[in-house]
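Please walk me through this structure in the viewer, one selection at a time. For each stop, say what to select and what is there.

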Amino acid sequence: MTQKELISETAKSLDMTKVQTEQLLNATSEQIVQALLDGKSVMIQNFGTLEVKQKNERVTVHPKTGVRTLTPPKLQVNFKANPNLKEELKNA
């Protein structure tokens, strides 16, 4: 589903204009991103939890040449699905 489709479907279900729905979606996205940047996890009921985790520095090997390189540490966003969502997907 694209952002445009999400806005359209949400606008229909909430009986809002597409402009209002787009503003709501953008504001929500900004709040989620800001919380993640502040090191907080974001829990959305019946959906899941987003959180930032630190990936450690590691050595990687190029499969063809065998050259080893050091991959620096980085931050990564992880998503953990809510058990209800997992169950719904299992039964789909």
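A contact here means heavy atoms within 4.5 Å. By that rule, residues 24 or more positions apart account for 30% of the contacts in the chain with a separation of 6 or more.

Before selecting anything, note that this is a predicted model, in which local features need pLDDT of at least 70 and side-chain atom pairs count only at pLDDT 80 or more, while totals for chains, interfaces and linings use all residues. Residues are numbered from 1 along each chain as its sequence is written, and side-chain values use heavy atoms, with hydrogens and water left out.

**Whole chain**

Show the chain as a cartoon. Helices (H or I, at least four residues) and strands (E, at least two) are DSSP runs numbered from the N terminus. The chain has 3 helices and 5 strands, and along the sequence they follow the pattern α-α-β-β-β-β-β-α. The radius of gyration is 19 Å, well over the 12 Å that the globule rule gives for 92 residues, so the chain is more spread out than a compact globule. That radius is taken over C-alpha atoms, and the globule rule is 2.2 Å times the number of residues to the power 0.38. Along the principal axes, the C-alpha atoms fill a box of roughly 60 × 35 × 30 Å.

Now switch to a surface. Accessible areas come from the Shrake-Rupley method with a 1.4 Å probe, and for residues only the protein chains shown count as cover. The chain has an accessible surface of about 7900 Å², and carbon and sulfur atoms hold 54% of that. Residues are classed by relative accessible area: buried is under 20%, exposed is over 50%, and partly exposed is in between (1.4 Å probe, protein chains only). Buried residues make up 13% of the 92 residues.

Select Glu 9 and Lys 12. Their closest N and O atoms are 3.8 Å apart, and the pair forms a salt bridge. The term covers a side-chain nitrogen of Lys or Arg within 4 Å of a carboxyl oxygen of Asp or Glu. Side chains of opposite charge can pair when their charged atoms come close. Because Glu 9 and Lys 12 are 3 residues apart in helix H1 (residues 3-14), about one helical turn separates them. Glu 9 is partly exposed at 42% relative accessible area, whereas Lys 12 is exposed at 62%.

Move on to Asp 15, in the loop between H1 and H2. Asp 15 is not a glycine, yet has a positive phi of about 55 degrees. Its relative accessibility is 72%, so Asp 15 counts as exposed.

**Helix H2**

Select Thr 21, in helix H2 (residues 18-37). Is Thr 21 buried or exposed? Thr 21 has 2% relative accessibility and therefore counts as buried. Show its surroundings: leaving out residues up to four places away in sequence, Thr 21 touches Ile 7, Thr 10, Ala 11 and Met 16.

Select Ile 44 in strand S1. Ile 44 is partly exposed, with 34% relative accessible area. Draw a distance from its C-alpha to that of His 62, 18 residues apart along the chain: the separation is 39 Å.

Next is Asn 46, in the loop between strand S1 (42-44) and strand S2 (48-55). Asn 46 has a positive phi of about 60 degrees although it is not a glycine, and at 53% relative accessibility Asn 46 counts as exposed.

Continue to Leu 50 in strand S2. Which residues is Leu 50 in contact with, leaving aside neighbours within four places in sequence? They are Ile 32, Leu 36, Ser 41, Val 42, Val 77, Asn 78 and Phe 79. The C-alpha atoms of Leu 50 and Val 33, 17 residues apart along the chain, are separated by 9.9 Å.

Then select Glu 51 and Lys 53, which form a salt bridge with the closest N and O atoms 3.7 Å apart. Glu 51 is partly exposed at 29% relative accessible area, and Lys 53 counts as partly exposed at 43%. A search of the whole structure finds 2 salt bridges.

**Helix H3**

Finish at Lys 90 in helix H3 (residues 83-90). Lys 90 is exposed, with a relative accessible area of 65%. Lys 90 and Phe 47 are 43 residues apart in sequence and 14 Å apart in space, C-alpha to C-alpha.
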